[in-house]
Amino acid sequence: MLGKRKLISLAALSLACGVGANALAQSAEKAAEGKKGRNVVAKAAREATPQARALDLARLADRLASYGEQRKDALSLIVAARLFAEAGVQPATFERSAGKGKGEQGAPAPQPREATVSGLLARARQYAGERKDLLALADDVEKAGVRGAVGGPRAATYVVNAFASDIFRVTFRGLEPALVGISGDGDTDLDLFVYDDAGRLVCRSERPVDEEICQWVPRWTGVFRIEVRNLGRVWNRYLILTN
């Protein structure tokens with residue numbers, strides 16, 4: 001799957017991440033307008049928060065990790081692990097209902113890979129072989145540990161089948177910024193929708209890509225339904241992050 005997508009340069013991706021949080025937050029605000037009385041405070045999404053910037057950094061790390069796995073490049077995986085650590089990404093297991101669909105050419109979709117600092121470093125060491133310099137770099141990242149702020153993004157990888165939807169149920173606290181982002185493998189268009197516990201749409205992100213983000217502030221603590229829709233004819237492996 002990864003071989004079919006066009007890999008953009010790290011410099012361009014870094015620039016995109018630098019401005020992406022503000023632009024996407026504005027989209028979230030527009031989506032929330034006119035929803036007076038619903039479980040959302042729109043104006044709080046006007047500015048990028050530290051959590052949004054950490055989420056962008058985690059998405060950059062995931063792209064770099066995908067590149068490293070495609071090329072079996074230990075250094076790329078080590079850098080990706082360091083970025084995950086700096087973003088404070090914690091591994092998570094979300095409550096998920098996977099929609100039925102078809103994998104590529106009718107084959108079942110593969111199992112998602114682990115998206116953790118330890119998992120990335122383990123594969124980096126495997127690809128490094130006897131390269132002592134790379135092994136030393138991996139050791140340095142491991143010793144540094146997760147340096148992001150407590151309460152940083154939580155992340156996991158999943159695979160959504162062709163023309164199917166994955167449904168997640170995540171609890172967010174009232175009157176605190178809430179963020180959800182997805183980063184796919186580049187093969188299909190993914191869309192992101194968030195509904196409150198009354199079934200009302202809180203946020204939607206439907207760009208013609210598989211990089212989406214929703215940002216809002218719940219009026220009360222509750223369970224939100226997050227829907228990831230795959231509009232393509234093949235499965236898509238994606239990273240989902242929440243704060």
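Start by selecting Glu 211 and Arg 59: these two form a salt bridge, and their closest N and O atoms are 2.7 Å apart. The pair links distant parts of the chain, with Glu 211 in strand β8 and Arg 59 in helix α2 (residues 50-71), 152 residues apart. Keep in mind as you look around that this is a predicted model.

Why might two such side chains meet? Side chains of opposite charge can pair when their charged atoms come close.

Are they buried or exposed? Glu 211 has a relative accessible area of 12%, and because buried means under 20%, Glu 211 counts as buried. Arg 59 is buried too, with a relative accessible area of 7%.

Arg 59, Arg 63 and Glu 211 are linked in a network of salt bridges.

**Along strand β8**

Stay on the strand that holds Glu 211. Strand β8 covers residues 211-216 and is an edge strand, pairing on one side only. The other edge strand is β1 (90-91). Between which strands do you find β10? Colour the open sheet of five strands and read across in the order β1-β3-β10-β5-β8: β10 sits between β3 and β5, and the pairing in this sheet is mixed.

What holds neighbours like these together? Strands of a sheet pair through backbone hydrogen bonds, either parallel or antiparallel.

For a close look at one pairing, select residues 154-160 and 236-242. These are strands β3 and β10, which run antiparallel and are joined by seven bridges. Click on Ala 156 in this pairing, and you will find Ile 240 of β10 standing opposite.

**The disulfide**

A disulfide joins the two, with an S to S distance of 2.4 Å. How many disulfides does a search of the whole structure find? It finds one.

With the surface on, check both cysteines: Cys 203 is buried at 1% relative accessibility, and Cys 214 is buried at 0%.

Select Arg 96 and look across to its bridge partner in β4, Phe 168.

Strand β4 also pairs with β9 (residues 222-230): eight bridges join these two antiparallel strands. Here, Val 170 stands opposite Phe 224 of β9.

**Last stop: Glu 227**

Finally, select Glu 227 and show its side chain. Which residues form salt bridges with Glu 227? One partner is Arg 225, with the closest N and O atoms 3.7 Å apart. Another is Arg 229, whose side chain meets that of Glu 227 at 2.8 Å, N to O.

Glu 227 is buried, with a relative accessible area of 10%, whereas Arg 225 is partly exposed at 26% and Arg 229 is partly exposed at 28%.

Technical notes. Residues are numbered from 1 along each chain as its sequence is written. This is a predicted model: local features need pLDDT of at least 70, side-chain atom pairs count only at pLDDT 80 or more; totals for chains, interfaces and linings use all residues. Side-chain values use heavy atoms; hydrogens and water are left out. Two strands pair if DSSP finds at least two bridges between them. Helices (H or I, at least four residues) and strands (E, at least two) are DSSP runs, numbered from the N terminus. A salt bridge is a side-chain nitrogen of Lys or Arg within 4 Å of a carboxyl oxygen of Asp or Glu. Buried means under 20% relative accessible area, exposed over 50%, partly exposed in between (1.4 Å probe, protein chains only). A disulfide is a pair of cysteine sulfur atoms within 2.5 Å.
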